[in-house]
Amino acid sequence: MTALATHDLQSPADLDHHLSTETLRSAFSHFPSGVAALAGVANGVKEGLVASSFTVGVSLEPALVSFAVQNTSRTWPRLKQAERIGISILGSEHTTVCRQLASKEGDRFAGLDIRSTQEGALFLDGAALWLDTTIYSELPAGDHTMVLLEVHGVHDHSSEHEPIVFHRSAFRNLRTAEGNQ
């Protein structure tokens, strides 16, 4: 018999089963996530978006990362036409950059220091990490699409630029806990 047998529980778990968009957003906001800018040149135009659903380490062979994009995104259908997609893990100075890249109005890249590859992947200066990627596959996931990206190159800037995280609906800096250096 296990320690968690039903008759051993002191009281039942009290869960909210009303899974509205607001309830879920609030619940999901308790999990800190990295913030990534995905950008590339598609049909001669710079395209970019921001994702807090970005995940590394999906696979090591082949090297795969992922993110989820809303099915209503107007940017993703254009960005996915790029030969290469650059991923910049945003650094601590990118809070306003994040909002700029996520904006639906104006030039998302105005005033930003950008680097590019010959294949058209775009990267932001000041990022903690750059990943050069191509689309590996797309999978339907409810009101989003899961996108798997194959990594072709990396550049680590984390010793110079601390990444930011999105937690409880706010951008936050990481701080090394005492003893965890």
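Which residues of helix α3 (residues 95-102) are buried?

Author: A word on the model comes before the answer: it is predicted, so local features need pLDDT of at least 70 and side-chain atom pairs count only at pLDDT 80 or more, whereas totals for chains, interfaces and linings use all residues. Residues are numbered from 1 along each chain as its sequence is written, and side-chain values use heavy atoms, with hydrogens and water left out.

The buried residues of α3 are Val97, Cys98 and Leu101, where buried means under 20% relative accessible area, exposed means over 50%, and partly exposed lies in between (1.4 Å probe, protein chains only). Helices here are DSSP runs of H or I with at least four residues, strands are runs of E with at least two, and both are numbered from the N terminus. Seen down the axis of α3, the buried residues fall within an arc of 105°, so they line one face of the helix; that arc is taken from the directions from the helix axis to the C-beta atoms. On the other side of α3, Thr96 and Arg99 are exposed.

Returning to Ile87, its contacts (heavy atoms within 4.5 Å), not counting residues up to four places away in sequence, include Leu38, Phe54, Phe123 and Leu149.

Strands pair if DSSP finds at least two bridges between them; β5 runs antiparallel to β10, joined by seven bridges, and Leu64 has Glu150 in β10 as its bridge partner. Three bridges join β5 to β4, again antiparallel, with Leu60 partnered by Ala63, and a hairpin of two residues connects β4 to β5.

Two aspartates can be set side by side. Asp132, in strand β9 (residues 129-141), counts as buried at 10% relative accessibility, and a polar contact of 2.6 Å joins its side chain to that of Arg84. Such a contact is a pair of N or O atoms within 3.5 Å; within protein, one must be able to donate a hydrogen and the other to accept it, and residues adjacent in sequence count only if both atoms are side-chain atoms. Asp156, in strand β10 (residues 144-156), is exposed, with a relative accessible area of 51%. Asp156 and Ala128 are 28 residues apart in sequence, yet their C-alpha atoms are 6.4 Å apart in space.

A last stop is Asn43, found in the loop between β2 (36-42) and β3 (45-51). Asn43 is exposed, with a relative accessible area of 73%, and has a positive phi of about 55° although it is not a glycine.
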